[in-house]
Amino acid sequence: MKIQLEHVADLARGAAILGTGGGGDPYLGALMLRQALQDHGPVDLIDVTSLADSDFAVPFAMMGAPTVLVEKIPNGNEMGAALNAMERLHNEKARAILCAEIGGLNALLPIVLAARAGLPIVDGDGMGRAFPQLQMVTYHIYGVPAAPMVMTDEYSNTVTFQCASSLDVERLGRQVVVAMGGSSNICLYPMHGADAKRSIVRSTLSLALGLGRTIRESRRSSGDPFGALLGYLRTTPYYQHCRVLFEGKTVDLLRETKAGWALGQVVVEGTGDCRGRRLEVQFQNEHLIAREGSQVRAVVPDLIALLDSATAEPITTEALKYGQRIKVLGISAAPIMRSEAALAVFGPQAFGLDHPFTPVEILNP
Amino acid sequence: MREPCRIGVDVGGTNTDAVLLRGRSILASHKAPTSADVGTGIVQAIGDVLGRAQIPSRDLAGVMIGTTHFTNAFVEAKHLSRVGVIRLGAPATLSIRPFADWPAHLLDLVGGAAQIVSGGFNYDGRPIGHLDPEELRRIARDFRGRGISAVAISSVFAPVNATQEVEAAQVIQEEIPDVHLTLSHQLGRIGLIERENAAIMNSALLGMAERVVSSFRKALAELGITAPFFVSQNDGTLLSPDSVIRFPVLTFASGPTNSMRGAAFLSNLTDALVMDIGGTTTDVGALVNGFPRESSIAVDIGGVRTNFRMPDLLSIGLGGGSLVVDDGRRVQIGPRSVGFRILSEALVFGGNQLTATDIAVSAGYADIGDRDRVKNLDKRLVARAVDEIHRLAEEALDRMKTSATQAKVVLVGGGSALINRQLAGAAEVIVPTQAGVANAIGAAIAQVSGEVDRIFSYEKLGRAQALEDARTEARSNAVAAGAEPTSVNIVDTEELPLQYLPGGAVRVRVKAVGDLALAGAA
């Protein structure tokens, strides 16, 4: 299929849900994508299986603070500059662009690059959601090196990272982002079709589109966005185990910043069927764990999404405040993200939680 | 020396209300339909309250006016000027052009001319690009040649460093001497697109603002009033006429704020839930420190996204005109309503629609219209409907509460007669007298404020020093806006750490508020 103007709003809303509280507000990404589609025409959305094993494909993302991005918006050329630099390093032309992260803003930006470069975008990503660090992707887990990484700024100043490990790419990259003004464009995990087929979380762009479309259509027809949302998720290959874990309003909110991370927790006091109960959701940019007393209801990498209880509009951790009426959704992560190798990188222990990973469908039979 | 008198006027879409206050006493109030010619309605309302209280106009120390003029101009797309936009940000920001998400009908009126030029700053104050005055001159001449006399200038991270916006403004003013100009930093807040939209909206209203303010001036002169007048803004504080002429967007959505501030005044409470029950809907909001709790969501005005702070309101379809339908299993109240036609369509007014007001009259606790017309209603239906009305109100209160503790609840608005019981979750339900003119009272008692919204480096300054700097600046902004210095208090401090960035960069938002420094009448 082709990604066109009419898909942008659905895609943005779906990506915000999959952002599980982080990933940045997709609104600006949606505006950038609209302008790119207007100026350069629609983008082919292709299945990863349609790549030849030898086709060169390059993931794109922005790295840095969403609060900077809402001021210093990219110009678009720096995205192409990053791609061109990567092509020169590999001495190979890219055949397609890949998403690194389907949650939030970074779901939309690779499509902006694809539109500008006249390349197709592959249906899938490396997270199946949002995560805060560069090595927290299935590309890394399944053996694709992050390096070389290319980073550019609005002047197309270009820095190349040749690093021993994906962790070093993350650590050194973070420093250069600051020097570039807090927000940079990156191409990394360059790979070929064979690697992509092995390591990608498949079909997540279509899923984000479907999520957004479901909410939009249900608001117009049934007026029951949650019923429609759960109905849709159950038809999907990864997210079929989904539950409304809790319904209530936010009554307490703790935030602190440590080493650039937005850490904190929100306490939700039950209303309706949940009256008399309390749920705590802990976050580090994204939601990590939802607990009721000592009982864990869902834990990373499964998805924990906070949505407005009337409209099903997703709420990011930055927009959280006292007194919001919300529903908390627990959604199963893709099987490729629940393997032992994957859990070692973005399972509960990677975030300092002592609870072992337990699938949301087992925690909530 | 006696305490000075002040008048509050609320010019709504339906009614123009006025109240006359001396200190905290309400000397007179007035409610009448809004006139087509707004000035006449204001003259009548003010003349009426002065006459009834027998206060000579020279005893007035101030007149405060709340108005929906500017909001409606945008919502109805009327009286707007075409705006030329200059964004200082290149080479950054080119991927989203100005007016990117504007609805077509507003774009036709306001849009058409926008340029992104070299300029802007990084979050740490380093420039992204330098200004090119010659380029700005060329653009200004082009605007002028196309008959554009309203201009909005935005710059990346202008809240951190506004110098480029100010420099660019000087160049534009040299080329277009009578330009209507808005600089985005004057409207605060981080978020380039939203701030730029606010600046564009403001410039589009500047021509109209001059006309509205001069019609207010004329109305007051006609009454021989020489006291200063002010216009209320959406945070419950006041703008001077000069500020309204420069920043009309700040009046957006001041109506609900005035109503809640009026409720606070009438009930002597600073922290409470306010329930404003009208004919069709009930708005519930929360007072915190005497001001409405604000919504954190981006607000669309007429379909344009901005980052104004608006009161956080929950609206439900319960009002005096709500239709009552019994399907046998449950009684449904609203959301359909006869609205302003209640005076002809409700049973107690001789109509044939069963409304929530009819239920309250039939149950015996409200005295509205002709009681005899509802005396034969089924007693069980009435009892169940009364239960449902109170259940809806209780649910709305519960959704707005932020803790399980019991909150005090203030009822205002014409529909407040629907409630006659203690409400679950409410420590106390207060129905003040004069609740019908809470809006005008809110305007009359409005204070003045000063704000700061900027990124501070906690590593460089330390948290305590950064917060102290922000608070000092907010206080001096409040005094500059007309506050009596000794009355200024910090009412809100918010810290939002910047994610994904080491270095302790924190966005700090502080608001200071004080009483308006009024000259006491002789």
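This is a predicted model: local features need pLDDT of at least 70, side-chain atom pairs count only at pLDDT 80 or more; totals for chains, interfaces and linings use all residues.
Trainee: How do you know that chain A is as compact as a globular protein of its length?

Mentor: Start with its make-up: chain A has 12 helices and 18 strands. The globule rule gives 21 Å for 365 residues, and the radius of gyration of chain A is 19 Å, close to that value, so chain A is as compact as a globular protein of that length. Along the principal axes, its C-alpha atoms fill a box of roughly 60 × 45 × 40 Å.

Trainee: What makes a residue of chain A count as buried, and what percentage of them do?

Mentor: A residue is buried if 20 or more other C-beta atoms lie within 10 Å of its own. In chain A, 57% of the 365 residues count as buried. Contacts in chain A reach along the sequence too: of those between residues at least 6 apart, 74% join residues at least 24 apart.

Trainee: How do you know that the length of helix α5 of chain B agrees with its number of residues?

Mentor: At 1.5 Å a residue, the 13 residues of α5 (residues 163-175) of chain B should span 18 Å, and the end C-alpha atoms are 19 Å apart, which agrees.

Trainee: Why are the buried residues of α5(B) said to line one face of the helix?

Mentor: The buried residues are B:Q164, B:E165, B:A168, B:A169, B:V171 and B:I172. Seen down the axis of α5(B), they fall within an arc of 165°, so they line one face. As background, an α-helix has 3.6 residues a turn, so residues three or four places apart point the same way. The buried residues of α5(B) pack against β5 (83-90), α4 (133-145), β7 (150-155) and β8 (180-183) of chain B.

Trainee: What makes the span of helix α11 of chain B agree with expectation?

Mentor: The 22 residues of α11 (residues 379-400) of chain B should span 32 Å at 1.5 Å a residue, and the end C-alpha atoms are 32 Å apart, which agrees. Buried residues of α11(B) include B:V382, B:A385 and B:M400.

Conventions. Residues are numbered from 1 along each chain as its sequence is written. Chains are lettered from A and ligands numbered from 1 in the order in which they are written. Helices (H or I, at least four residues) and strands (E, at least two) are DSSP runs, numbered from the N terminus. The radius of gyration is taken over C-alpha atoms; the globule rule is 2.2 Å times the number of residues to the power 0.38. A residue is buried if 20 or more other C-beta atoms lie within 10 Å of its own, exposed if 12 or fewer, and partly exposed in between; C-beta atoms are placed from the backbone. Two residues are in contact if their C-beta atoms, placed from the backbone, lie within 7 Å. The expected span of a helix is 1.5 Å times one less than its number of residues. The arc is that of the directions from the helix axis to the C-beta atoms.
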